[in-house]
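Colleague: Please take a close look at a single part of this model, the chain that comes first in the file. I would like one connected account of how that part is built and how it meets its partner.

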Amino acid sequence: MKNYTITKNNKILSFGLIAFGVVGIAYGFATDPTRTWASLLQSNFFLLAIALCGLFFYTFQFAAEAGWAAGILRVPLAMAQFLPHACVALLLIFIFGHHDLYHWTHAELYDKNSPHFDEILYGKKAFLNIPFFVIRLILYGIIWAGSAVLLRKYALEEDRVGGTENYWKTSKLSHVFLVLFAITSSTGAWDILMSVDAHWFSTLFGWYIFSGLFVTGLTVMGILTIYLKRNGYFPKVNENHIHDIGKYMFAFSIFWTYLWFSQFMLIWYANLPEEVAYYALRQEPELRPIFILNFVINFTIPFLVLMSRDSKRKENTVLVAGALMIIGHWLDVWLIVMPGIMGTHAHIGIIEIGATCFFAGLFLYVFFNSMSKTAVVPENHPMIEESYHFYL
Amino acid sequence: MYEAPIREPLILGDKTNHDITEDICRPIEGKANKYWWWCFIVAVAALLWWVLCVAITVGEGIGVWGINNIVDWGWDITNFVWWVGIGHAGTLISAVLLLFRQKWRLSINRSAEAMTIFAVICAATFLLTHIGRPWLPYWLLPLPNQFGSLWVNFNSPLIWDTFAVTTYFTVSLVFWYTGLIPDFAVIRDRAKTSATKFWYGLLAFGWTGSSKNWQRFEEVSLVLAGISTPLVLSVHTIVSMDFATSVLPGWHATIFPPYFVAGAIFSGFAMVQTLLIITRKVLGLENYITTLHIDMMNRIILVTGSIVGIAYITEFFIAWYSGVEYESYCFINRATGYYWWAYASMMTCNVVSPQLFWFKKLRTNITFTFVLSIVVNIGMWFERFVIIVSSLHRAFVPSEWGTYHPSWVEVGIYVGSLGLFFTLFLLFARFFPVIAMSELKTIVKSSSTQAKREALKHGHSHVSHH
């Protein structure tokens with residue numbers, strides 16, 4: 001059983017990104033703290049979502065009793081190991097930055113004698129209040145990070161002793177996680193992202209965020225798998241496996257587009273002031289180009305590039321389309337968070353890129369580190385042979 | 001393709017290719033038994049009842065229904081959405097499961113596709129009856145003004161519906177028929193009378209079974225699966241938009257499109273269960289439609305039922321969270337108002353009862369599954385009733401408040417549509433192969449009991465080499 005060896009280049013990349021990120025963030029705090037907090041929230045969520053998708057992919061492979069991906073399962077599992085870090089970071093960002101990030105955390109909004117009294121937020125205070133919010137963030141941390149850590153333990157145990165006992169244990173925990181994920185992926189999206197625009201609401205929001213995080217996570221998983229394969233760690237992973245990951249990227253990009261359209265079209269069509277304000281802001285002249293770009297990249301790139309069978313079987317096409325899709329979904333999260341906090345003054349500059357690099361560097365380091373401690377291929381997985389003999 | 005030994009077989013009873021042909025063709029080549037005749041008589045009687053009630057509606061106008069100025073949509077639209085929803089599982093089983101390479105679809109896709117076609121036909125009859133003047137059905141289509149009516153309103157989701165349902169019906173029909181061609185050829189080649197040979201030969205489109213035939217067959221199946229998959233989503237999405245594009249509380253919710261789709265798959269699979277549990281018993285197909293198949297479908301019912309449950313709770317929560325008085329009232333009224341019993345039935349049947357499928361014992365229990373599949377479809381009928389009637393009967397101002405009770409004609413049209421559905425399904429089970437036998441034969445070498453035994457033997461010897 002072969003483990004991954006962290007290379008010098010891995011370290012240079014991870015620490016380089018982190019170092020660049022620290023500079024960007026430091027510059028940000030010196031010049032515009034609100035904008036810096038906002039980009040920290042946005043990039044932390046973006047990487048958290050990727051890690052969470054790793055966990056979702058890993059667990060539903062067990063729930064669906066899928067065999068084809070058995071060989072590459074350690075990739076999403078290692079991605080998920082970033083969850084403990086991401087959840088702690090999220091909590092710290094909230095604790096130290098909540099007044100900058102979340103309008104609803106200001107006490108005077110709930111004081112009936114204050115000129116800032118806000119009747120709508122007053123009505124929501126049973127849900128949107130700091131103690132309950134912190135409790136929820138901690139709960140998400142326990143559920144998400146706890147499952148990631150526990151599932152990794154079972155995987156290590158499976159490497160050590162073999163047999164099917166750990167397969168069934170993993171399967172059981174996967175089902176529990178999936179049920180909790182079905183709830184927390186929605187409530188988490190309301191809390192972390194939707195409450196940035198505290199007046200606004202959309203019943204679809206949780207599922208919309210889920211679709212975006214799933215596409216991004218799948219793409220990252222595909223890219224990391226190709227990277228490991230090119231470095232000789234996956235001798236039995238071939239174009240058929242890449243093809244299947246490509247299919248997932250294609251299918252769920254269309255699913256994302258479907259939900260994007262459903263949410264936008266229904267709000268646009270009904271044109272109710274309390275709902276349409278959200279899109280009206282994002283269609284101001286300063287933000288409109290990104291609003292359009294978001295839809296164009298995330299729909300047309302996967303739709304046109306990944307449509308044919310051949311393109312999904314070529315690693316380079318998947319890499320190029322994947323890189324663009326990651327940028328596209330980064331823009332999607334940017335469009336949700338930044339205008340909600342900064343209005344039309346939202347920008348993309350060294351602060352936003354720095355914050356993302358910081359979390360991306362951290363994510364990569366945790367990923368490579370975790371890969372180096374479990375077997376790269378779970379050779380004791382009961383369906384591993386199916387994954388070896390898989391062709392399309 | 002290689003299959004892990006941990007997987008259970010999909011074909012029981014050591015069946016060979018020839019056994020499969022014999023078992024599937026027997027009901028078509030033999031005489032119908034008395035169960036079939038009894039079912040058929042009851043179904044046709046209900047169908048005649050439908051004809052009577054539709055005749056009254058057409059003759060008198062929709063004034064014979066219970067709907068009124070306040071609740072102007074009632075059982076008609078409820079039934080339409082219910083039937084369209086049921087029409088979902090067929091295409092899902094054939095298309096989406098084909099794309100996901102789920103081999104257990106092979107024993108059930110034929111009947112599920114047939115169910116889709118018949119359910120969409122039933123849904124279409126409600127469109128015709130509720131437009132009030134069914135002799136002008138072409139008003140649903142975009143025709144030039146010179147034809148004698150106004151150009152249809154393309155801003156209206158009702159016209160989107162016309163396109164979505166007809167596209168869905170056409171593609172489902174083509175998909176179903178394409179799959180039937182090799183099986184018709186089998187019946188043609190086995191035919192004992194010249195009439196049988198002629199008719200099934202006509203249906204088989206000159207299929208020879210050459211490898212070129214099969215290559216084209218597989219390509220067409222894949223292309224149709226690719227086209228059908230977005231269609232599964234689009235049809236019910238557009239049905240949901242009939243409601244969600246309005247500004248009525250309880251109807252205008254952005255979650256409606258995916259939530260309607262999940263609900264449709266949920267009720268569609270429940271109807272497949274109802275039909276297949278009867279079919280496997282009456283036609284003796286227990287070795288092909290096994291408890292594993294039933295278990296798999298129950299898992300999908302569990303997942304989609306839970307998704308629907310999350311959607312219900314999300315709507316309820318966001319109605320409060322929104323701070324919009326009308327929204328909050330609408331949902332409290334649904335749960336505690338005049339139609340509380342409909343809401344309670346919906347919650348019990350759709351959210352609570354499928355959770356019992358967490359237990360493997362219940363998932364693999366045929367009687368329990370049969371009862372629950374009917375419970376789910378009762379629940380899904382109530383879901384549409386709750387959405388439609390409870391939102392309409394308490395709109396923004398008290399002058400828009402009222403109640404609604406169906407007349408016997410409306411009830412008759414609904415019960416009668418079940419007659420139409422079962423008549424068509426029974427005829428299908430009598431004259432068409434209910435299992436895709438030619439395609440099923442492709443997994444005899446990997447997923448039958450004898451193949452599993454061989455693999456196990458091979459596996460043991462393989463291990464002993466180490």
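Modeller: Contact here means heavy atoms within 4.5 Å. The model is predicted, and every value below is computed from it. On that cut-off, 52 residues of chain A and 42 residues of chain B take part in the contact between them.

As for the chain itself, chain A has 15 helices and zero strands. Its radius of gyration is 21 Å, close to the 21 Å that the globule rule gives for 392 residues, so chain A is as compact as a globular protein of that length. Along the principal axes, the C-alpha atoms of chain A fill a box of roughly 70 × 40 × 40 Å.

Turning to the interior, 60% of the 392 residues in chain A count as buried, where buried stands for under 20% relative accessible area. Among the contacts in chain A with a separation of 6 or more, 81% come from residues 24 or more positions apart.

Chain A exposes about 14800 Å², with carbon and sulfur atoms supplying 67% of it.

Technical notes. Residues are numbered from 1 along each chain as its sequence is written. Chains are lettered from A and ligands numbered from 1 in the order in which they are written. This is a predicted model: local features need pLDDT of at least 70, side-chain atom pairs count only at pLDDT 80 or more; totals for chains, interfaces and linings use all residues. Side-chain values use heavy atoms; hydrogens and water are left out. Helices (H or I, at least four residues) and strands (E, at least two) are DSSP runs, numbered from the N terminus. The radius of gyration is taken over C-alpha atoms; the globule rule is 2.2 Å times the number of residues to the power 0.38. Buried means under 20% relative accessible area, exposed over 50%, partly exposed in between (1.4 Å probe, protein chains only). Accessible areas come from the Shrake-Rupley method with a 1.4 Å probe; for residues, only the protein chains shown count as cover.
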